[in-house]
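Thanks for coming. I will go through one structure today, so please have a look at it first.

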Amino acid sequence: MLLDGHGRKIDYLRLSVTDRCDFRCVYCMAEEMTFLPRQQVLGFEEIVRIARLFVDLGVKKIRLTGGEPLVRRGIVDLCRQIAALPGLRELVMTSNGSQLGKLARPLAEAGVKRLNISLDSLDAQRFRAITRTGDLAQVLAGIEAARDAGFARIKLNSVIMKGRNDDEVAALVDFAVARGLDISFIEEMPLGQVGRDRGEAFCSSDEVRARIAERYNLFDSPEQSGGPARYVRLEGHPDTRVGFISPHSHNFCSSCNRLRLTAEGRLLLCLGHEHSLDLRGLVRRHPTEDRPLVEAIGAALQRKPLRHEFAVSGEVQVVRFMNATGG
């Protein structure tokens, strides 16, 4: 069992396979980006080894992230290898949906149990403005392909920003309800300098919930998906859960159960801090011996911060972009 210095049990690893993405979402990265040289990115053999090590240490859930994980060549085979690890309860993935038209079924067959798909707008022009390069029709087709592929659960993720898409909250819930999907609304996080004041666009989970309550009767649910979302149910619509991820307004750090591994092998102890462990260096220095890695992970966990220090002011608290963090 992995315990941090505050007694929290760690059983969830978010594992980034690439910092690259075919979108340039305004809350995730700058319009012009420089990505990691490929030799600095963990190889698949290294990723599988690290995943196996964490499962041996008690991790039950691994989420593959990016960037966009589906732009990395060979991703389906990587999923198959990780899903087969003895002791892993579930392998899940977060995607922008652009590649799901061709990859949804292979991913499900490889052992990916659940998908989170980003969807911030149902208007094609607005979707393009938020993603800078994205094609809404392609993503919607990807969502339908995922629905047909047989995943245990599919959830939409929407980052809500005032003046950009806050007027679409009800429409996004309608979209999820019509298809029997879950949806989570996320408060924007101050990671990376994206060229605008995030404070002006901040929309709290309470505001989002109030907008939904104008159309639906809501009741709180004790359900957990293994992550930070708080869920409500909609009266008369049992197939849809609505989640709220609220790093600002309803801090969830006291129950944090996760670590993040970046594509370059940094084990991030907290989303809102730069504390990290260079696992890539350890893996390459100790190609056959796990003990140095286990000891280093245990020592690093004792330095895991009690909480992040995100503020609503719009100031950047962490200079790395979300795509470099592992979304």
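Let me begin at Gly58, which follows H1 and has a positive phi, near 115°. This is a predicted model: local features need pLDDT of at least 70, side-chain atom pairs count only at pLDDT 80 or more, and totals for chains, interfaces and linings use all residues. Residues are numbered from 1 along each chain as its sequence is written, and side-chain values use heavy atoms, with hydrogens and water left out.

Helices (H or I, at least four residues) and strands (E, at least two) are DSSP runs, numbered from the N terminus. H1 covers residues 44-56. Its 13 residues should span 18 Å at 1.5 Å a residue, and the end C-alpha atoms are 18 Å apart, which agrees. The expected span is 1.5 Å times one less than the number of residues.

How many of the 13 residues of H1 are buried? Ten are, where buried means under 20% relative accessible area with a 1.4 Å probe, protein chains only. Among them are Phe44, Ile47 and Arg49.

Now the sheet. Twelve strands form an open sheet with mixed pairing, in the order E9-E10-E11-E8-E7-E6-E5-E4-E3-E12-E13-E14. Two strands pair if DSSP finds at least two bridges between them. The edge strands, E9 (218-221) and E14 (276-278), each pair on one side only.

Strand E7 (residues 153-159) runs parallel to strand E8 (residues 182-186), and five bridges join them. Asn157 stands opposite Ser184 in E8.

Notes
Buried < 20%, exposed > 50% of the residue type's maximum accessible area, 1.4 Å probe, protein only.
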